[in-house]
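Subject: Structure handover and notes

Hi there,

Here is the structure I promised to pass on to you. Have a look at it first, and then read on for my notes.

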Amino acid sequence: MLTGSLAVIGGMFALPALSGCSSSAQSQNISLKYWHLLSGGDGITMANIVESVNDTQGFDAHQTVLAWGTPYYTKLAMASAGGRGPDVAIMHASRIFGYAPGGLLDPWDLDQLAEFDVTEADFPEAIWTKGFVDGKLYSIALDAHPFILMYNTDIAAEAGVLGPDGQLQEISSPEAFIEVALKMQAVTGKHGLSYGYLGDGAQMWRLFYTFYKQMGADMDLTGSRVVIDEAAAVSSLEYMTQLLDGTVAAKTGDYGTALAEFLNGESGLFFTGVWELPTMKNSGINFDARTIPTLFGTPAVYGDSHAFVLPHQSSPDPDKRREVYRFVSELLKGSLVWAGAGHIPGYLPIVESPEYAELIPQAHYADAATLINYDPEAWFSGSGSDFQNYFAENIQNVLMGQADAASGVQGFVRRLNALMAKPNPVTD
């Protein structure tokens, strides 16, 4: 991943059309505190970007990297509740709803953002809209990181499922997807599809919610009780269990097993996230990726975004706040480097640039950013929360064939109803 990041970092600011109002001459050498939860390869890439804007655009931004998940969100909430939050931070867009209403985040000023070429027109509608709570903008998406479909191009070619353009043929029904998977299984002799889910609520939820939303169904967790399309939920789970038949995909298996199976050429298809792109490139296998096909009528995929927020400060310094706006705008304009790690930049001028079009397979799934569906809004949902674990508690046995789909859905609904009867512990 570091190799891929360094390969493009030299050209990060070589796009004059994206430079906007930014200039190192505008810097007042104001020190900025920047918190995020990006570690591993993502952390290295972000460090490179920040170092570059510090050097070339005259910033004095200092990163604090905290442990992913609950530790990060707890510390951010505590700092914000005391009015001593960092100047800027990264949050998952799916967590904003649980933080903004209680005053833990300060809203962005749309006019001031526009001064630095950050406007609604610069983002896909679904991503821009997700940043709003009660009519105010609380987050600005750095990226979209959706659940996607990767495939082994050698196996696909031998199976005869590549189209004239060399990419996976169009698939527009659940039956057609199984047919393609079975053709690949005939080549591998093991499975057509790799999908690991054991002990992994995130994996179960990502695929379920993709299929559920493709059925045109909604889920509302903002009232006193869950509003869910039970028929669509049951159908989604039943299709998932149909895939887990031991031939199309393994009946049981965890994520690591599924990843190894795909890397070893024992399957041709792999349900995963864009964050696995560096792993695939480092493996040396011939592969491509695409947005998960629309199997149930409505184009939709599950995903989330890393988003910039303003943690609450009791008395923010106007000059420092302005420098934060400039800093965020430069990170957005330099996010071609971030795309090298697999993420889809939220900032459309990057995605629509010739440089991004040359990134393969990233350009082949860029449309997923326009189809993204975040977790249903609730104080207990979102990446790094226990929401997906609650899903796993009720659904794993369904996928293993030990419980029926309807009982699994009903158990999940009961769990959520119990949570919805409780106040938000962060803001109440």
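In what sense do β8 and β12 pair, and over how many bridges? They pair in the antiparallel sense, over five bridges. Before I go further, please keep in mind that this is a predicted model.

**Strand β12 and its surroundings**

Isoleucine 148 has threonine 272 as its bridge partner in β12. There is also a pairing with strand β9 (residues 193-194), in the parallel sense and over two bridges.

Is β12 enclosed or open? Five of its five residues are buried, so the strand is largely enclosed by the rest of the structure. Both faces are covered: one side has Leu269, Phe271 and Gly273, the other has Phe270 and Thr272, and all of them are buried.

Serine 267 sits in the loop between α11 (255-263) and β12. Serine 267 counts as buried because its relative accessibility is 0%. Its side chain makes a polar contact of 2.6 Å with the side chain of serine 194. Beyond the neighbours within four places in sequence, serine 267 is in contact with several residues, including Asn152, His191, Gly192 and Glu261.

**Aromatic residues**

How many aromatic pairs does a search of the whole structure find? The search gives 30. One of them is the stacked pair of phenylalanine 147 and phenylalanine 271, with 6.2 Å from centre to centre and 25° between the planes. Phenylalanine 147 belongs to strand β8 (residues 143-152) and phenylalanine 271 to strand β12 (residues 269-273), so this pair ties together parts that are 124 residues apart in sequence. Phenylalanine 147 and phenylalanine 271 are both buried.

Phenylalanine 211 and tyrosine 239 make an edge-to-face pair, at 5.4 Å centre to centre and with 70° between the planes. This pair links distant parts of the chain, 28 residues apart: phenylalanine 211 is in helix α9 (residues 201-214) and tyrosine 239 in helix α10 (residues 230-243). Phenylalanine 211 and tyrosine 239 are both buried too.

You will also find one aromatic cluster formed by Trp205, Phe208, Tyr209, Tyr212, Trp379, Phe380, Phe387, Phe391 and Phe412. Phe208 turns up again in the largest nonpolar core, which has 141 residues: with Trp108, Phe177, Leu237, Phe271, Phe308 and Phe327, it touches the most other members. Leaving aside neighbours within four places in sequence, phenylalanine 208 is in contact with Met219, Ala233, Ser236, Leu237, Met240 and Phe391.

Two arginines are worth a look as well. Arginine 95 lies over the face of tyrosine 73, 4.1 Å from the ring centre. Arginine 326 has its charged end over the ring of phenylalanine 59, at 3.9 Å from the centre of that ring.

**A glutamine in α18**

Glutamine 410 is part of helix α18 (residues 405-420).

**Backbone points to check**

Most residues other than glycine have a negative phi, and most peptide bonds are trans.

- The peptide bond from isoleucine 360 to proline 361 is cis, with omega near 15°. Proline 361 is in the loop between α16 (354-357) and β17 (372-373).
- Aspartate 117 is not a glycine, yet its phi is positive, near 65°. Aspartate 117 lies in the loop between α5 (110-115) and α6 (125-130), and is partly exposed, with a relative accessible area of 29%.
- Aspartate 134 also has a positive phi, of about 55°, although it is not a glycine. Its place is in the loop between β5 (132-133) and β6 (136-137). Aspartate 134 counts as exposed, at 72% relative accessibility.

Happy to talk any of this through.

Best wishes

Terms used
Residues numbered from 1 in each chain as written. Predicted model: local features only at pLDDT ≥ 70, side-chain atom pairs only at ≥ 80, totals over all residues. Heavy atoms only, no water. Phe/Tyr/Trp six-rings, centres within 6.5 Å; stacked < 30°, edge-to-face > 60°. Helix = DSSP H or I, 4+ residues; strand = E, 2+ residues; numbered from the N terminus. Buried < 20%, exposed > 50% of the residue type's maximum accessible area, 1.4 Å probe, protein only. Lys NZ or Arg CZ within 6 Å of the ring centre and 35° of its normal. Pairing = 2+ DSSP bridges. Core = buried A, V, L, I, M, F, W, Y, C linked by side-chain atoms within 4.5 Å. Contact = heavy atoms within 4.5 Å. Polar contact = N/O pair within 3.5 Å; in protein donor to acceptor, adjacent residues only side chain to side chain.
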